[in-house]
Amino acid sequence: MSNSQIPVDKLTEAEAASELAWLAKTIFQLDQAYYQDDAPVLDDAEYDALKRRNEEIEQRFPHLIRSDSPSKRVGASASEDFEKVVHSVPMLSLANIFTTQDIYDFIDRIRRFLGLSGSDPLEFVTEPKLDGLSFSALYIKGVFVRGATRGDGAIGEDITENLKAIESFPLRLTGAGVSGSDIPERLEIRGEVFMNKADFFALNRQQLDLGKKAFANPRNAAAGSLRQLDPSITRQRRLSLFGYTFGDVSEEKWKTHEEFLKKIHQWGFPVNPENRLCSSPQEIEKYFNSLSERRSGLAYDIDGAVYKVNRRDYQERLGFLARSPRWAIAHKFPAQQAQTVLKNIRVQVGRTGVLTPVADLEPVNVGGVIVSHATLHNEDEIKRKDIRIGDHVIVQRAGDVIPQIVSVLLDKRPADCAAFVFPCQCPVCGSHVVRIKDEAAQRCSGGLICPAQAVEKLKHFVSRDALNIEGLGAKNTQFFFDRGWVKTAGDIFDLEQRYGSEIRRLDGWGDKSAENLFSSIRKVRNGIGLDKFLFALGIPQVGQATARLLAAHYLSMQALLTQMDLAFDKSSEAYQELIGIESIGEVVAQELLDFFEEDHNRGEVLRLMGSIKIRDFEQNVQKNLPLAGKTLVFTGTLPTLTRSEAKTKALAAGAKVAGSVSKKTDFVVLGEEAGSKAEKARELGVSILSEQDFIDLCNNRK
């Protein structure tokens, strides 16, 4: 649950862990709505407030960083409706800043990382941050061959034909095939597709004239138009685009980012004319203020500015974090708020039993979206803000898939407003509500006897990012649960045999709907990826990213179960191996062990393994990378590389970086004052490298 009113420096460790779990779930849902459904439920500035809170907590409690943290994730999974495109160079997003001081801090971090003094020149390309849909366009010998969306950063959707339908998109770069042309043989240009405001208003008038629903904003319109299965619909809508960076390239023929932009503009690819070169934080600040003032007069929507280190050699040295480059950052505009009346407070029960109070509001327009509900997070927040039914409140669309109450207008409080009393019994099953020591969350003690928890676990199991069983969404899952046909996940795979004829006779079903459902269940039965299966189990703190890490490490479900059995002994090598997986520490490990130690859970997993073919995990690793598939551990202080630079180099060379040494470790990179990891490496016979050995390996491409 969120403790968002507690300053980060006042959070206890337990409160921080609880809020990070809540933030991971919430931001994941927001990402799905934005990237995959093209239906954002809050504006970027408010969403970013949530992301920033997550980052601040992680900075104070780095040992609590979750493997499914938003700081490690990009976008959302590609839709099943499109062909998939694997990005040969990950298509990452940008970290965010929000204040003028953040500009100076960003530049200071870069100078420290690069070892530059305050007098050393450092230039930045500044540009508007467009509110559209990111894309990549691959050119071979100057001829366009493939387009893709960003997707989750690793895998996107094939939108080749849709990009071709955009009038300003060049199918062939100017000068391609001409003797002496400096266009690289293989060049992937990345940019943003957007819709101008005038074209957006014209499209909405057309939609309404045809009796169709109007788009909420230009970003939705652009994303919905570009991701049409029928490219002719894309062609009918006036989309625009700008290029802003590159991905895969056979040979870089530019030394600065500014030079790259000038070249693609010369080759006929649209580039934003608002881009500027700045050489100091003062110039960047001036650019941002000017852009903010001119924002409403621009032909297209923007939600901030982007700053990129200009020199390419500096960009290479700075490298990347898990989901964003160190050499670029987005500076976002602030959030919007509105005033309304709180009509009621309801308490919902989630799949983990957590009770969440929700405010029903008098509908109000907040930044172009009608808001009628807001999260209240937990009992403590209600008390801290003294929120009561009947209050006039300030609402901000930040903090959940539904918005958040920022404050109460006490001078407008009705005389008969009474303090809200949080229930001591579950509103669904009547079980006692318990509060774990040092946590803000309150939970129903009913466990699986609580219908709310059981049905919410089932809804998660069949959801789009888990098993993706079409025809068994939230409504139908609830329906089958209420009838007693599906009480556990395993029951789903007996539905057709036990109740097939009855389902076909149900109101609103019929043969076609029933067959679609059974076909989707059979599809899952015939094969599901290990990472999807692990995520579907709904193990606390095991989100998509953690599930993928576990799948990549253990490769098969049987191997994972075997290792979990061994890892119950915390002195065992299996336990050390588990907590040594990157981003999986003792907290996540304990959740896994608790889950598999429970007889009911183990029995259900074994039942599912008998019903579903769980495919072994296959990781897409570029085999030409020098350390592809190798596992490295760093220990001690390296002579010239910071730990961040060393890890960046290792990941770029295809390696996995672990936190502890085991038999599966390939190399231990030894620095000064190395401790027990070096001794463990010698005991196990693991190869030990110096920093120079490591650098040589990274540079020795096959």
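Val125 stands opposite Lys308 in β10. That pair belongs to a predicted model, in which local features need pLDDT of at least 70, side-chain atom pairs count only at pLDDT 80 or more, and totals for chains, interfaces and linings use all residues. Residues are numbered from 1 along each chain as its sequence is written, and side-chain values use heavy atoms, leaving out hydrogens and water.

Strand β3 covers residues 124-130, and strand β10 covers residues 302-309. Helices (H or I, at least four residues) and strands (E, at least two) are DSSP runs, numbered from the N terminus. β3 and β10 pair in the antiparallel sense over six bridges. Pairing here requires that DSSP finds at least two bridges between two strands. β3 also pairs with strand β9 (residues 276-278), again in the antiparallel sense, over three bridges. There, Phe124 stands opposite Cys278. Seven of the seven residues of β3 are buried, so the strand is largely enclosed by the rest of the structure. Buried means under 20% relative accessible area, exposed means over 50%, and partly exposed lies in between, with a 1.4 Å probe and protein chains only.

Next come the helices around α18. Helix α18 spans residues 557-567, and helix α21 spans residues 599-611. Their axes come within 12 Å and cross at roughly 160°. That makes α18 roughly antiparallel to α21. Axes are lines fitted to C-alpha atoms, for helices over the stretch in contact, and angles run from 0 to 180 degrees between N-to-C directions. Angles under 35 degrees count as roughly parallel, over 145 as roughly antiparallel, 65 to 115 as roughly perpendicular and the rest as oblique. From α18, the contact uses Met557, Gln558, Leu561 and Asp565. From α21, it uses Arg602, Val605, Leu606 and Met609. Contact means heavy atoms within 4.5 Å. By class, five of these residues are nonpolar, one is polar and two are charged. The classes are set as follows: Ala, Val, Leu, Ile, Met, Phe, Trp, Tyr, Cys and Pro are nonpolar, Asp, Glu, Lys and Arg are charged, and the others, Gly among them, are polar. In a helix, residues three or four places apart point the same way, because an α-helix has 3.6 residues a turn.

α18 has another packing partner. Helix α19 (residues 573-580) packs against α18 at an angle of about 115°, with the axes 7 Å apart. That makes α18 roughly perpendicular to α19. Gln563, Met564, Leu566 and Ala567 in α18 meet Ala574, Tyr575, Glu577 and Leu578 in α19. This contact divides into six nonpolar residues, one polar and one charged. Within α19, Ala574, Tyr575, Glu577, Leu578 and Gly580 are buried. The buried residues of α19 pack against α17 (544-554), α18 and α20 (586-597).

Now follow the chain past α21. Lys613 is found in the loop between α21 and β20 (614-615). Lys613 is exposed, with a relative accessible area of 53%. Lys613 still touches Arg525, Asn526, Gly527 and Ile528, not counting residues up to four places away in sequence. Ser296 lies 317 residues from Lys613 along the chain, and their C-alpha atoms are separated by 54 Å.

Further on is a sheet. An open sheet of four strands has the order β22-β21-β23-β24, with parallel pairing. β22 (656-657) and β24 (687-689) stand at the edges, each with a single partner strand, so one side of each is left without a neighbour in the sheet.

Look at strand β21 (residues 631-635). β21 pairs with strand β23 (residues 667-670) in the parallel sense over four bridges. Leu632 stands opposite Phe667 in β23, and the bridge partner of Thr635 in β23 is Leu670. β21 and β22 pair in the parallel sense over two bridges. On that side, Leu632 stands opposite Val657.

What about the two faces of β21? In a regular strand the side chains alternate between the two faces of the sheet. Thr631, Val633 and Thr635 are on one side of β21, with Leu632 and Phe634 on the other, and all are buried. Five of the five residues of β21 are buried, so the strand is largely enclosed by the rest of the structure. Helix α23 (residues 676-684) lies across β21, β23 and β24, running at about 140° to β21.
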